[in-house]
Amino acid sequence: MQRTLILGGGAGGIVASSVLKKAMGSAMQVTVVDRQPNHYYPASFPLLMIGERKPADITRELKRLERKKIETLLDEVVEIDTAGHRVITKQRCLDYDYLIIALGVEYHPETVPGFREFVLNAYQFEEVVEINRRLTDFSSGQIVFFISSLPYKCPPAPYEIMFLLDQFFRQRGLRHQVKLTIVTPDFSPEPLAGPKVGQSVRKMLAERGMELITEAKILAVEKHALILDHGTKIPADLLLGIAPHWTPEVLRHTDLVDSSGYIEVDQHTMETRHPGIYAIGDAAAVKLPVMGAYAPKAAIFAHYQAEVVARNIARLARGLSPGFRYAGNGA
Ligand SMILES: Cc1cc2nc3c(=O)[nH]c(=O)nc-3n(C[C@H](O)[C@H](O)[C@H](O)COP(=O)(O)OP(=O)(O)OC[C@H]3O[C@@H](n4cnc5c(N)ncnc54)[C@H](O)[C@@H]3O)c2cc1C
């Protein structure tokens, strides 16, 4: 029996494991390694924030995959030995025939002075639960939501959060007492979606009385203020933010990554420079053909990439040529 090892049981890893197991059955051992026992569904974090979801609604144990005969290991990946075809975890040494890296990104709030002390990270499950608690007690003042740096995953999410905050306070009859401000390093909301989307999001924010500050360089955070370049100080009673995204530490010491730390892949097969090793999702360096920027990092793209990679591995394992190609599809 051949073995496919999948590093990361998030959006990409879960789909890859399910598609591959379904295609291969008992002819392929599929193993998913993750350091967290649970998957928290991030697309529902904005609803969790305003209390329209409960933590249990969006939490699933990874070991549920075992029902599909997918092996799950609760362990931390510490080294990827591409030459030796093995992965070292805290507790094991794992061999593989095919490897799919789906380790996502890590947050580094410590790189923004004051973030850890004064900001709640809107992209981190436990802190979203805390945001919900704070919002419930918040009746007047200024809420500042900021994006620390680029790239960050799911570019529409910050705007979705702003509109939900607006709705949350309107429903409580408190909106006139709460000032809502969003601060972004982008020159426009969601620039990769094109100028029409940017203009329409700007208009929607303005219509609902929300302030938008673009091209912001975040320097630091104080207890009640966000500090931008040129000494601009934005006062805040509650600071919500998106911490800087880095690729996982374990990848940065490999020859798999580009200068930013993301994994270089063939843009159509997601195969890395090493045959039989693939990278999908947020950790992969998928570039836009025109601008050269990274394509947006989102679960929908991880999902389609996972399907392509899993189907191609199934073909290779049967001695067939891998015919599936990722075409940048999303929705
Ligand atoms: C608030 C929010 C809203 C979003 N909304 C949407 C949306 O509406 N639509 C959409 O398409 N996308 C959305 N996204 C983005 C989406 O969640 C990510 O793009 C997607 O999860 C990426 O999938 P992935 O498999 O690459 O990584 P992840 O899902 O992040 O999974 C990575 C996994 O790797 C594990 N891991 C990392 N390092 C190690 C290690 N060393 N050892 C062991 N395990 C490790 C992690 O524990 C994690 O489980 C949203 C994200 C957020 C935060």
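Hi everyone, a quick definition before we look: helices (H or I, at least four residues) and strands (E, at least two) are DSSP runs, numbered from the N terminus. This is a predicted model, where local features need pLDDT of at least 70 and side-chain atom pairs count only at pLDDT 80 or more, while totals for chains, interfaces and linings use all residues. Residues are numbered from 1 along each chain as its sequence is written, and side-chain values use heavy atoms, with hydrogens and water left out.

Let's start with a loop. Between strand E12 (141-147) and helix H5 (157-171) you will find Pro151. The peptide bond joining Leu150 to Pro151 is cis, with omega about -10°. Cys154 sits in the loop between E12 and H5 too, and its phi is near 55°, a positive value in a residue that is not glycine.

Now the overall layout. The chain splits into domain 1 (2-105 + 247-317) and domain 2 (108-242), with bounds that come from an automatic or database domain assignment. Their C-alpha centres are 29 Å apart. From UniProt, an unreviewed entry lists "domain: FAD/NAD(P)-binding" at residues 4-128 and 181-296; such annotations may be inferred rather than shown by experiment, feature names are shortened, and positions follow the numbering used here. Residues 4-128 are 22% helix and 33% strand, and the end C-alpha atoms of that span lie 34 Å apart.

How do the two domains meet? Counting contact as heavy atoms within 4.5 Å, 22 residues of domain 1 touch 20 residues of domain 2. About 1,800 Å² is buried between domain 1 and domain 2, and carbon and sulfur atoms give 75% of that.

On to charges. Side chains of opposite charge can pair when their charged atoms come close. With a salt bridge taken as a side-chain nitrogen of Lys or Arg within 4 Å of a carboxyl oxygen of Asp or Glu, the count between domain 1 and domain 2 is one. Asp282 and Lys153 form a salt bridge, with their closest N and O atoms 3.9 Å apart. Helix H2 (residues 45-49) gives the most to the side of domain 1 that touches domain 2, namely five residues.

The structure as a whole holds 22 salt bridges. One of them joins the side chains of Arg3 and Glu71 at 3.2 Å, N to O. That pair links distant parts of the chain, 68 residues apart: Arg3 is in strand E1 (residues 2-7) and Glu71 in strand E5 (residues 71-74).

Conventions. Buried area is the accessible area (1.4 Å probe) that two parts lose on being put together, summed over both.
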